[in-house]
Amino acid sequence: MPVDTEEKPYQYSFRIKCTSCQSEHPNEISFTRFDSIPTTTGKSNVNYIQKCRSCQKQLSIDIIKGPQAYMLNDPPTEQPIIKFDTKGCDVLAFVPGKGHKWQAEGAETGSKFEDIDFGEIEDEGYSEYDERALEEVGITEAEFTIVNAKKFKTF
Ligand SMILES: [Zn+2]
């Protein structure tokens, strides 16, 4: 799961598009779940807010749940990590990228692995020695999808 505490907030990066004019935002957008920006109505705060460059409509994103740890499963299954609410935009993709720190825990040993750079997983896979299990552990591949939250009723 992402390292995401108030002291070390995770920088979530996404590619988004405007739902009014369908134009894709030219750059990745980034924010943390601790960012708090008032909406134009002033009634609530969200993590990210911006005006669409094409149609000037307001776009906003707010993380409402998570992050939650991905649990080991064989074969791997899709599991929810974060849940967010969007207004005026659709999230096209999550961009984990280099410099984004994740942490993991040995499924059977409980050994902790911190400071896993997501760039390593993307480049050649991440591997480390689990001293309690006396064996090599690692992450060879990770895939992210954006789905409608209705798919995970329990999250
Ligand atoms: Zn637009």
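**Close-up views of a predicted protein model**

**Figure 1. Gly106 lies in the loop between E9 and E10.** The model shown here and in the following views is predicted. Gly106 counts as partly exposed because 17 other C-beta atoms lie within 10 Å, a number between the limit of 12 or fewer for exposed residues and that of 20 or more for buried ones. Leaving aside residues up to four places away in sequence, Gly106 touches Ser111, Asp130, Arg132, Ala133 and Val137. For one of these residues, Ala133, the C-alpha atom is separated by 8.5 Å from that of Gly106, although 27 residues part the two along the chain.

**Figure 2. Strands E9 and E10 form a hairpin.** Strand E9 covers residues 101-105 and strand E10 covers residues 112-117; the two run antiparallel and are joined by 4 bridges. Opposite Trp102 stands Ile116 in E10. Between the strands of the hairpin there are 6 residues, and Gly110 adopts a positive phi near 75°.

**Figure 3. Strands E5, E6 and E7 make up an open sheet with antiparallel pairing.** The order of the 3 strands in this sheet is E5-E6-E7. Strand E5 (48-51) and strand E7 (83-87) each have a single partner strand and stand at the edges, so one side of each is left without a neighbour in the sheet. On average, and with direction ignored, neighbouring strands of this sheet are turned by 15° against each other. Strands of a sheet pair through backbone hydrogen bonds, in either a parallel or an antiparallel manner. In this sheet, 4 bridges join E5 to strand E6 (residues 58-65), and the two strands run antiparallel. Gln58 in E6 is the bridge partner of Lys51.

**Figure 4. The loop between E6 and E7 holds Pro67 and Pro75.** Gly66 and Pro67 are joined by a cis peptide bond, with omega about 5°. A cis peptide bond also joins Asp74 and Pro75, where omega is about -5°. Most peptide bonds, by contrast, are trans.

**Figure 5. Gln22 and Gln56 have positive phi values.** Most residues other than glycine have a negative phi. Gln22, found in the loop between strand E1 (12-18) and strand E2 (29-31), has a phi near 65°. Gln22 counts as exposed because it has 11 C-beta neighbours inside 10 Å. Gln56 is placed in the loop between E5 and E6, and its phi is about 70°. Gln56 is exposed as well, with 10 other C-beta atoms within 10 Å.

**Figure 6. The protein chain contains 1 helix and 12 strands.** This view sets the preceding details in context. From the N terminus on, the elements follow the order β-β-β-β-β-β-β-β-β-β-α-β-β. The C-alpha trace of the chain spans about 55 × 30 × 30 Å along its principal axes. Of the 155 residues in the chain, 12% are buried. Among contacts with a separation of 6 or more, 42% are between residues 24 or more positions apart.

Definitions and conventions: Residues numbered from 1 in each chain as written. Predicted model: local features only at pLDDT ≥ 70, side-chain atom pairs only at ≥ 80, totals over all residues. Contact = placed C-beta atoms within 7 Å. Pairing = 2+ DSSP bridges. Axes fitted to C-alpha atoms, helices over the stretch in contact; angles between N-to-C directions.
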